[in-house]
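Try each task yourself before you read its solution.

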Amino acid sequence: MRDLLNAPIEFDSKKNGFYYSKNDWTFLPSSTFDRQETDALIITKKVLSQYQGTPYYNEVNRALDKVLQYLPGRLLTSKLSEIYSFETFSPSATEPRFFAVIE
């Protein structure tokens, strides 16, 4: 964490353990995402919208929202997703209970 995320971690020889030297430091996932990865997440959200009502839609949508909320605005302003369009499909009626049985 110290090397990859620049976390303020130091060693305390008295306690024989590591600690955060700055109490206000927080892990920001945005520091590990580049523009292309952010665009991919935004486009994935757009593709996902056509799967509303299918099993796991709500869970995947919430997971994407949680990741996207931590990204800085400068990464979220891409217009790339506007040039993509995806052909919608009509998924066959699937009973969520079938997925529960399979799991």
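A salt bridge is a side-chain nitrogen of Lys or Arg within 4 Å of a carboxyl oxygen of Asp or Glu. Keep in mind that this is a predicted model, where local features need pLDDT of at least 70 and side-chain atom pairs count only at pLDDT 80 or more, while totals for chains, interfaces and linings use all residues. Residues are numbered from 1 along each chain as its sequence is written, and side-chain values use heavy atoms, with hydrogens and water left out.

**Exercise 1.** Find which residue forms a salt bridge with D65.

Solution. Step one: the structure holds one salt bridge. Step two: the partner of D65 is K45, with the closest N and O atoms 2.9 Å apart. Step three: D65 sits in helix α3 and K45 in helix α2 (residues 35-48), so the pair ties together parts 20 residues apart in sequence. Helices here are DSSP runs of H or I with at least four residues, numbered from the N terminus.

**Exercise 2.** Decide whether N61 is buried or exposed.

Solution. Step one: buried means under 20% relative accessible area, exposed over 50%, and partly exposed in between (1.4 Å probe, protein chains only). Step two: N61 has 16% relative accessibility, so N61 is buried. Step three: N61 belongs to helix α3 (residues 57-68). Leaving out residues up to four places away in sequence, N61 touches K45 and L48, where contact means heavy atoms within 4.5 Å.

**Exercise 3.** Use the same cut-offs to classify D65 and K45.

Solution. D65, at 34%, is partly exposed. K45, at 25%, is partly exposed too.

Key:
Helices (H or I, at least four residues) and strands (E, at least two) are DSSP runs, numbered from the N terminus.
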